Amino acid sequence: MGATMQGKDQTGQIGVIGLGAMGFGVAKSLLREGFPVGAYDVRAEALTAFETEGGRAYTSPAALAASCDILIIQVVNAEQTEQVLFGEQGAVNTLKPGSLLISCATVAPAFIESLETRLRKRDIWLLDAPMSGGAAKAASGEMTLMTSGPEEAYARAETVLPAVAGKVYRLGAKVGVGTRVKIVNQHLAGIHIAAAAEAMALGLREGADPATLFEVITNSAGNSWMFENRVPHILAGDYTPLSAVDIFVKDLGLALDTARRTKFPLPLAATAHQMFLNASAAGHGREDDSAVIKIFPGITLPFSDKGEGA
């Protein structure tokens, strides 16, 4: 395959590994734009749902990778990335030389940099491309992409990135810059969710009506995107995970680890991280990240069975 793609008609099948809330939206966006798309996920029900959308399901990462020019890795963390690429039936065993791998998981900078080194030895290009925006923007193709990598990788991705993202930031030619910017984003996101939970808990403890409190704050200077997006989950008592508590145990941990290497203080991140750790230790790790509010004593929350311990 040449270094520059001329359009989707010249692009071979695109593979997506990981059909969670974000990955499924990315795969659907590619289908909507007319790309041939295959996918792999450990959950049979996710693959069945993907087939009903017009995609093609595969039984292993290796089987999918053999059919692709571009492979998008949309899993949760470095461990899952390592497994789907280098584990038994891993994708790198069958990716063709000259192929492009787009890595979207939030991982440590050292991991993504090491991954590029290993892939280049196999003549596979890597684009560091963590995403932000949530499930709704993934489904509508309006994600924000924080990308970095060599020009050759961008050339192979030039028709694909606009199909899944409303904003594509090119942050440099060095793999790892995109990951570092995503860690900064997750630092803020985790603190904002923790702050929203703490504020709602204070309001509830002081006797404020939760729906009224939400309305007032979303029309006042104390509002944030995370407050506006996550507090409705609390009001509904629905902790079905779109992004789980344990995601922020991981991502705030990455922020703290990154800062620790240069002895840079992150006191707010450290506090928020402890809040998510507390919620996870109490059994809420796989619930929606808004379930961090459950760590506060002496408040009455609207609960439903949806998402409880899911």
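**Figure 1. Salt bridge between Lys 96 and Asp 69.** In this predicted model, Lys 96 forms a salt bridge with Asp 69, and the closest N and O atoms are 4.0 Å apart. The pair links distant parts of the chain, 27 residues apart: Lys 96 belongs to the loop between α4 (78-86) and β5 (100-103), whereas Asp 69 belongs to strand β4 (residues 68-73). Lys 96 is partly exposed, because its relative accessibility is 34%. Asp 69 has a relative accessibility of 14% and therefore counts as buried, the cut-off for that class being under 20%. The structure as a whole holds 11 salt bridges. Side chains of opposite charge can pair when their charged atoms come close.

**Figure 2. Salt bridge between Arg 230 and Asp 289.** The closest N and O atoms of the salt bridge formed by Arg 230 with Asp 289 are 2.7 Å apart. Arg 230 lies in helix α11 (residues 225-236) and Asp 289 in the segment after α13 (267-284), so the pair ties together parts that are 59 residues apart in sequence. Arg 230 counts as buried, at 10% relative accessibility. Asp 289 is buried as well, with a relative accessible area of 0%.

**Figure 3. Salt bridge between Asp 251 and Lys 250.** The side chains of Asp 251 and Lys 250 meet in a salt bridge, with an N to O distance of 2.5 Å. Asp 251 is buried, because its relative accessible area is 2%, which falls under the 20% cut-off.

**Figure 4. The interface of domain 1 and domain 2.** The protein is divided into domain 1 (14-174) and domain 2 (180-295). To the contact, domain 1 gives 14 residues and domain 2 gives 13 residues. A distance of 27 Å separates the C-alpha centres of the two domains. The area buried between domain 1 and domain 2 is about 1100 Å², and carbon and sulfur atoms give 67% of this area. Of the area that domain 1 buries against domain 2, 43% is supplied by Thr 106, Pro 109 and Met 146, more than by any other three residues.

Figure 5. Between domain 1 and domain 2 the count is 1 salt bridge. In the salt bridge of Glu 113 with Arg 180, the closest N and O atoms are 2.8 Å apart. On the side of domain 1 that touches domain 2, α5 (109-120) and β7 (131-132) each supply at least two residues. The residues of that side of domain 1 comprise 9 nonpolar, 4 polar and 1 charged.

Figure 6. Leu 145 is found in strand β8 (residues 143-147). Leu 145 is buried, because its relative accessible area is 1%. Beyond its neighbours within four places in sequence, Leu 145 is in contact with Ala 129, Pro 130, Met 131, Leu 161, Val 164, Ala 165, Lys 167, Val 168 and Tyr 169.

Figure 7. Leu 31 lies in helix α1 (residues 21-32). With a relative accessible area of 18%, Leu 31 is buried, the cut-off being under 20%. Not counting residues up to four places away in sequence, Leu 31 touches Val 37, Phe 50, Glu 53, Gly 54 and Gly 55. Leu 31 and Val 84 are 53 residues apart in sequence, and their C-alpha atoms are 22 Å apart in space.

Figure 8. Gln 89 is not a glycine, although its phi is positive, at about 60 degrees. The loop between α4 and β5 holds Gln 89. Gln 89 is partly exposed, with a relative accessible area of 45%. Asp 123, also a residue other than glycine, has a positive phi near 60 degrees. Asp 123 lies in the loop between α5 and β6 (125-128). The relative accessible area of Asp 123 is 36%, so this residue is partly exposed.

Conventions. Residues numbered from 1 in each chain as written. Predicted model: local features only at pLDDT ≥ 70, side-chain atom pairs only at ≥ 80, totals over all residues. Heavy atoms only, no water. Helix = DSSP H or I, 4+ residues; strand = E, 2+ residues; numbered from the N terminus. Buried < 20%, exposed > 50% of the residue type's maximum accessible area, 1.4 Å probe, protein only. Contact = heavy atoms within 4.5 Å. Domains from an automatic or database assignment. Buried area = accessible area lost by both parts, 1.4 Å probe. Nonpolar A, V, L, I, M, F, W, Y, C, P; charged D, E, K, R; others polar.
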